[in-house]
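Here are my notes on the model you sent. Please keep the structure open while you read, and check each point against it.

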Amino acid sequence: MSTTHRSAGYAFGFLDDRAKKELRRSMLKAVCLPGYQVPYASREMPIARGFGTGGLQLTLALIGPTDTVKVIDQGADESVNAVNLRQFVELTCPGTRTTPHAGEATLIQTRHRIPERPLRADQILVLQVPYPDPLVVVEPSEERRKTMHGEGDYARLWVKLYEDMVHFDEITISHRYPTRIAGHYVIDPSPIPRWDVPKLHQAECLYLFGAGREKKIYAVPPHTDAVPLTFDDVAFRVEDFTDPATGRRFACARCGATDSFLDELIGEDGRRTHQCSDAGHCLERLNAQSAAQDTREAA
C-alpha cells in the first residue's frame, strides 16, 4: 500500500477505495458549484433506501480513524435510525469515536434537524435527503428540471408560493423550504424545519446533502449565501412557539430553554408539554444547570 493511499484514508472503513474516490470527487464538485446537484453512483448499502443511505455514503467516504462522529435523527441521538447508523459506523470504522455532543464531533450525520449549537469551521454536517430537487413539485420531467436549474428558471416555484399567499395569506411550506444558494441554484434543504434554514446562511461549517435513492449530492460551502425564497413584502418567518393563552413563548419542560426548536408532546392525560427537539443540546443545558447547582451548594 502506498503512502499516498494510506494518507488519503481510502483503505479505511466500509467503502472500497474506488467508491471513496468517486464520492469525494463528487463532493468536491458540489462544493465548487454551491447548490448544484451532482450525480453519483449510489452504492447498495446494508440498510434500505430511504433510511439514510445517501448521508451514510458521504459519512463513510469522509470518515477517518481520528474523527469523532455524531449521528442524530429528528434531533435525537437515541432514535432507532440514529442508533443503528451509529452502531454501523462503530462496527465498520475501528477506532472512530462517537459522541452525543455536537461540540465534540468533527463529522455530524443528521436527518431532519441541524444542531442548535453553531457549528465550527472544522466540522462537517451531512444531511440525509429523500428528495433533492425542489422543482419536482412543479415539473415531473427530470430533463426539463435540469434545464430550468441551469437557466435559473424558478418561475413555477414563485407561482406556487404566490398561490399559497392567495389561498392562505402566507407561504405554507413547513419543511423542505426552497432556498437559493450563492445567488443561483435553488435547493431542497432536506426536511429540516424553517427554524433551521437560516443556519445555512454564511455558516462556518460545510453542509453536504446526500440523496442515496435519487443518486445526487449537493453542498452549501462555508460563508455562502443561503436565502429562502420569499417576496419583498412577505418576510420569511420561522416556527412560532408563543403560547396563545399567555402570549409568552413555550419553554422546554426539561431544561427551560426558550430559544430552541421545540417538539410538542401529549401525555396520557392529554396535557401538552414542549421539549427541545435537539436532545443533545437539551442534555448539555441540563448538565450545565446541575453543575451550577452543585457549585452553589458547595460554596
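1. Start with Lys-216 and Glu-142. They form a salt bridge, with the closest N and O atoms 2.9 Å apart. (A salt bridge here is a side-chain nitrogen of Lys or Arg within 4 Å of a carboxyl oxygen of Asp or Glu.) The pair links distant parts of the chain, 74 residues apart: Lys-216 is in strand S9 (residues 216-220) and Glu-142 in helix H5 (residues 142-151). Helices (H or I, at least four residues) and strands (E, at least two) are DSSP runs, numbered from the N terminus. Lys-216 counts as buried at 11% relative accessibility. Glu-142 counts as partly exposed at 37%. Buried means under 20% relative accessible area, exposed over 50%, and partly exposed in between (1.4 Å probe, protein chains only).

2. A word on the source. This is a predicted model: local features need pLDDT of at least 70, side-chain atom pairs count only at pLDDT 80 or more, and totals for chains, interfaces and linings use all residues. Residues are numbered from 1 along each chain as its sequence is written, and side-chain values use heavy atoms, with hydrogens and water left out.

3. How many salt bridges are there by this rule? The count comes to 19. One of them joins the side chains of Glu-284 and Arg-117, at 3.2 Å from N to O. Glu-284 lies in helix H7 (residues 279-298), while Arg-117 is in the loop between strand S4 (107-111) and strand S5 (124-128), so the pair ties together parts that are 167 residues apart in sequence. Arg-117 is partly exposed, with a relative accessible area of 36%.

4. Arg-97 and Glu-104 also meet in a salt bridge, at 3.9 Å from N to O. Arg-97 is partly exposed, with a relative accessible area of 46%. Glu-104 is partly exposed too, at 41%. Then look for a network: salt bridges link Arg-113, Glu-116, Asp-196 and Lys-199.

5. Now the helices. Two packed helices are described by the angle between their axes and the distance between the axes. The axes of helix H2 (residues 17-32) and helix H3 (residues 53-62) come within 9 Å and cross at roughly 105°. That makes H2 roughly perpendicular to H3. (Angles under 35 degrees count as roughly parallel, over 145 as roughly antiparallel, 65 to 115 as roughly perpendicular and the rest as oblique. Axes are lines fitted to C-alpha atoms, for helices over the stretch in contact, and angles run from 0 to 180 degrees between N-to-C directions.)

6. Which residues make the contact between H2 and H3? H2 gives Lys-20, Leu-23, Arg-24 and Met-27, and H3 gives Gln-57, Leu-58, Leu-60, Ala-61 and Leu-62. Contact means heavy atoms within 4.5 Å. By class, there are 6 nonpolar, 1 polar and 2 charged residues. (Ala, Val, Leu, Ile, Met, Phe, Trp, Tyr, Cys and Pro count as nonpolar, Asp, Glu, Lys and Arg as charged, and the others, Gly among them, as polar.)

7. Why is H3 described as largely enclosed by the rest of the structure? Because 9 of its 10 residues are buried. Among them are Thr-53, Leu-56 and Thr-59. The buried residues of H3 pack against H2, helix H4 (80-92), S4, S5, S8 and S9.

8. Two loop residues deserve a look. Phi of Gln-74 is near 55°, a positive value in a residue other than glycine. Gln-74 sits in the loop between strand S2 (68-73) and H4, and counts as partly exposed at 40% relative accessibility. Phi of Lys-215 is near 60°, again positive in a residue other than glycine. Lys-215 lies in the loop between S8 and S9.

9. Is Ser-190 buried or exposed? Ser-190 is buried, with a relative accessible area of 0%. Its place is the loop between strand S7 (186-187) and strand S8 (206-211). Beyond its neighbours within four places in sequence, Ser-190 is in contact with Leu-127, Gln-128, Val-129, Arg-176 and Tyr-218.

10. Last, the domains. The protein is divided into domain 1 (17-134 + 176-227) and domain 2 (242-298). These bounds come from an automatic or database domain assignment. Their centres, taken over C-alpha atoms, are 27 Å apart. Across the two, 14 residues of domain 1 are in contact with 10 residues of domain 2.
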